[in-house]
Amino acid sequence: MSARENFVARFGGVFEHSPWVAERAFDQNPHVTLTADGVHAVLVTAFRAAAHVDRLAVLRAHPDLAGKLAIAGELTEDSKAEQASAGLDRLTPSEHARFTELNAAYIEKFAFPFIVAVKGLNKDDILSAFERRIDNDRQEEFETASAQVEKIALLRLRSMLPGEDNA
């Protein structure tokens, strides 16, 4: 396996269902330092340099929080663990109804799912962010969601790579 193939195999899932981010990152910087911060920097550079339509596809690749993929058991392992850590797999029927309502309204308004890095948050924190962000305009929310995708990527990398930047 080539160095590029190895890099993409290892980091292609860091940006949800979007291996092209790792491919472009490696092509732009094949000598990246294999620390969470080093890999994150090149992945984010590739993500931010991408066309709007490509970045939008990354946002759309993310699952709804506590949505139909979670219920059907079809989340990626990373997403499943992330949502469970925030208690989203243990919602009451009324909480689930509120998430479903907000998910539908958010997707209708922005054309991508609500994205938040859930590590360290609980379901009330997430609902609060959801309710606050649904009033954003399209560009502001695109940028906010993109920043959250980048944060999720860093958290995933810190769990994957050893090093001083993972403390």
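In the predicted model, His 17 is found in the loop that joins helix 1 (3–11) to helix 2. The phi angle of His 17 is near 50 degrees, a positive value in a residue other than glycine. With a relative accessible area of 58%, His 17 is exposed. A positive phi also occurs at Ala 111, where the angle is about 70 degrees although the residue is not a glycine. Ala 111 belongs to the loop between helix 7 and helix 8 (123–133). Its relative accessible area is 33%, which makes Ala 111 partly exposed.

Helix 2 is in contact with helix 3. The axes of these two helices come within 8 Å and cross at roughly 105 degrees; helix 2 and helix 3 are therefore roughly perpendicular to each other. On the side of helix 2, the contact is made by Trp 20, Val 21, Ala 22, Arg 24, Ala 25 and Gln 28. Helix 3 contributes Val 42, Leu 43, Thr 45, Ala 46 and Phe 47. Sorted by class, the residues of this contact are eight nonpolar, two polar and one charged.

Helix 4 (residues 52–61) packs against both of these helices through its buried residues, which also pack against helix 9. Arg 55, Leu 56, Val 58 and Leu 59 are buried in helix 4. Viewed down the axis of helix 4, the buried residues fall within an arc of 155 degrees, so they line one face of the helix. An α-helix has 3.6 residues a turn, so residues three or four places apart point the same way.

Helix 9 (residues 138–160) also packs with helix 7 (residues 93–110), at an angle of about 115 degrees and with the axes 10 Å apart. At that angle helix 7 is roughly perpendicular to helix 9. Tyr 106, Lys 109 and Phe 110 of helix 7 make the contact with Arg 138, Glu 141 and Ala 145 of helix 9. The residues of this contact divide into three nonpolar, no polar and three charged.

Aromatic residues were examined next. The structure holds eleven aromatic pairs. One of them is formed by Phe 7 and Phe 26, whose rings are tilted, at 5.5 Å centre to centre and with 45 degrees between the planes. This pair links distant parts of the chain, with Phe 7 in helix 1 and Phe 26 in helix 2, 19 residues apart. Phe 7 and Phe 26 are both buried. In a second example, the ring centres of Phe 110 and Phe 112 are 6.0 Å apart and the planes lie at 35 degrees, so this pair is tilted. Phe 110 is buried, with a relative accessible area of 5%, and Phe 112 counts as buried at 3% relative accessibility.

Phe 110 and Phe 112 are also members of one aromatic cluster, together with Phe 99, Tyr 106, Phe 114, Phe 130 and Phe 142. Two residues of this cluster, Tyr 106 and Phe 110, take part in the contact of helix 7 with helix 9 as well.

Definitions and conventions: Residues are numbered from 1 along each chain as its sequence is written. This is a predicted model: local features need pLDDT of at least 70, side-chain atom pairs count only at pLDDT 80 or more; totals for chains, interfaces and linings use all residues. Side-chain values use heavy atoms; hydrogens and water are left out. Axes are lines fitted to C-alpha atoms, for helices over the stretch in contact, and angles run from 0 to 180 degrees between N-to-C directions. Helices (H or I, at least four residues) and strands (E, at least two) are DSSP runs, numbered from the N terminus. Angles under 35 degrees count as roughly parallel, over 145 as roughly antiparallel, 65 to 115 as roughly perpendicular and the rest as oblique. Contact means heavy atoms within 4.5 Å. Ala, Val, Leu, Ile, Met, Phe, Trp, Tyr, Cys and Pro count as nonpolar, Asp, Glu, Lys and Arg as charged, and the others, Gly among them, as polar. Buried means under 20% relative accessible area, exposed over 50%, partly exposed in between (1.4 Å probe, protein chains only). The arc is that of the directions from the helix axis to the C-beta atoms. Rings of Phe, Tyr and Trp (its six-membered ring) pair if their centres lie within 6.5 Å; planes under 30 degrees apart count as stacked, over 60 as edge-to-face and the rest as tilted.
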